[in-house]
Amino acid sequence: MTRLLDTTAAAALRAVATAQAEGRLPSVSAGVVRAGELAWSGGRGRHVRRGSDARPDADTQYKIGSVTKTMTAALVMLARERGQLRLGDPVGRFCPSAPYADATLRSLLSHSAGITAEPYGSWWERSEGSDLAALATAHAEAATVLEPGTRLHYSNLGYGLLGAVVESVWGTTWSDALESEILRPLGMGRTTYQWAEPYAAGFAVDALTGEAMPEPLPDTGAMAPAGQLWSTVGDLATWLTALADPDRSVLSRSSLDAMTTPQSGEPSGDQVWGLGLAIDWSEGRKLVGHGGSMPGFTCGVLVEPDSGVGAVVLSNAGYGLGGLAGDLLDLVLEAEPPVPDEWVPTPGPVAPEVLDILGTWHWGHAPTVLRWDGSRLQAAPPAGPGRRMSFAPQPDGTWLGESGYLTGETLTVHRRDDGSVGHIECATFIWTRAPYDPTAPIPGGVSQQP
């Protein structure tokens, strides 16, 4: 059962109602996703469109602004999975005439390329868009505003360039690639380039009079990959699940892990970015997602990857939504903490080469216990704090670090002449059954007692 408890649902509705009233939002549509399904949705406000008293629901479209970037990033990661590009490639490999052609795809995805935040020219979010050639002309003499790779500097322009890379790789428009590679496979039929009924009109709310004034709804052209899309609570619940669960995604676990691994951030730690996703921590929980705003619209999506619990909030006002997505997610996780997966016995038999290395090992005098979980070696101290790591078996008999301090490093098992295990080694660390075993190649030798 995925539906929220009545008490939690009532608290969620109250949070949405409070945000709508205090933020003076014409309308809000919100939802909570759990176990891959919409566990709750609710709406407030009667000003979805002028002249209509319809209330918003999980199928009402809103413009999602920069949440679009998460899908552009996913297209880049899909191309990487298929060997069509590398994250270290420069934009110029695919679009030689593009501005900032030396910027790498990784730096653009993580907002660390040091390029200008906004494209030169009129305010792109309220203007009919141009094409890549016009962007290139406008930025012909543009220089970076920060040294690449040194600071987080959010850039809308960067995602316009990533959209051009997508078009070059797929040989079609960004929107067609998005439709064929992400939206259709995930069943996100209510996520579209332009609005489709039923949809909410965007408004600017006068700060003094409270009047709601319509905002324009342009086609942003080459900048569309940064903020053009329209979507619904129902579709974005599906998208959050796809960002948390590789079994329900178009992306591999490796790509999802990369997108949710910190790549750049502010020295204060207030802002941390992965590849296309913002990363935050709340009550010890890792949360990933994105906010969005376009003239007349604000929104937010947020998910805890470990549990797959997420929140979506959409509004048709240019400001005032605040941190409602995070508030809803914290509310649900605290009121209904996720139930741990059931433990099941490890399928046997366990291979002899695995059994040989299980148990307690010592780095110097510090003990580490190796356990088998059915597919990976799990390394952890016998109790209390310490390094926790996992290693995956490789075809050549070695083990590759998948999490923790030795991620990406190779663990090798060294055997004696009689075939028994003498020691294990990874990145110059030597582990032995007894502390500082004199039969193992201990760096610096073994101290002798006087």
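Colleague: What makes the crossing of helix 5 and helix 6 left-handed or right-handed?

Modeller: Left-handed means that the near helix is turned anticlockwise from the far one by less than a right angle; clockwise would be right-handed. Helix 5 passes helix 6 in the left-handed way. Before we go on: this is a predicted model, where local features need pLDDT of at least 70, side-chain atom pairs count only at pLDDT 80 or more, and totals for chains, interfaces and linings use all residues. Residues are numbered from 1 along each chain as its sequence is written, and side-chain values use heavy atoms, with hydrogens and water left out.

Colleague: Why are helix 5 and helix 6 called roughly perpendicular?

Modeller: Their axes, lines fitted to C-alpha atoms over the stretch in contact with angles from 0 to 180 degrees between N-to-C directions, cross at roughly 70° and come within 8 Å. Angles of 65 to 115 degrees count as roughly perpendicular (under 35 is roughly parallel, over 145 roughly antiparallel, the rest oblique), so that is the label for helix 5 and helix 6.

Colleague: Which residues make that contact?

Modeller: Contact means heavy atoms within 4.5 Å. On helix 5 there are Gly163, Val166, Glu167 and Trp170, and on helix 6 Trp174, Ala177 and Glu181. They divide into four nonpolar, one polar and two charged.

Colleague: Why is the link between glutamate 197 and arginine 49 called a salt bridge?

Modeller: The rule asks for a side-chain nitrogen of Lys or Arg within 4 Å of a carboxyl oxygen of Asp or Glu. Here the N to O distance is 3.0 Å, so the pair passes the rule. Glutamate 197 and arginine 49 sit 148 residues apart, in separate loops. By this rule the count comes to 14 salt bridges.

Colleague: And what joins strand 13 to strand 14?

Modeller: Five bridges, with the strands running antiparallel. They form a hairpin with two residues between them, and glycine 364 in the turn has a positive phi of about 65°.

Note on methods. Helix = DSSP H or I, 4+ residues; strand = E, 2+ residues; numbered from the N terminus. Nonpolar A, V, L, I, M, F, W, Y, C, P; charged D, E, K, R; others polar. Pairing = 2+ DSSP bridges.
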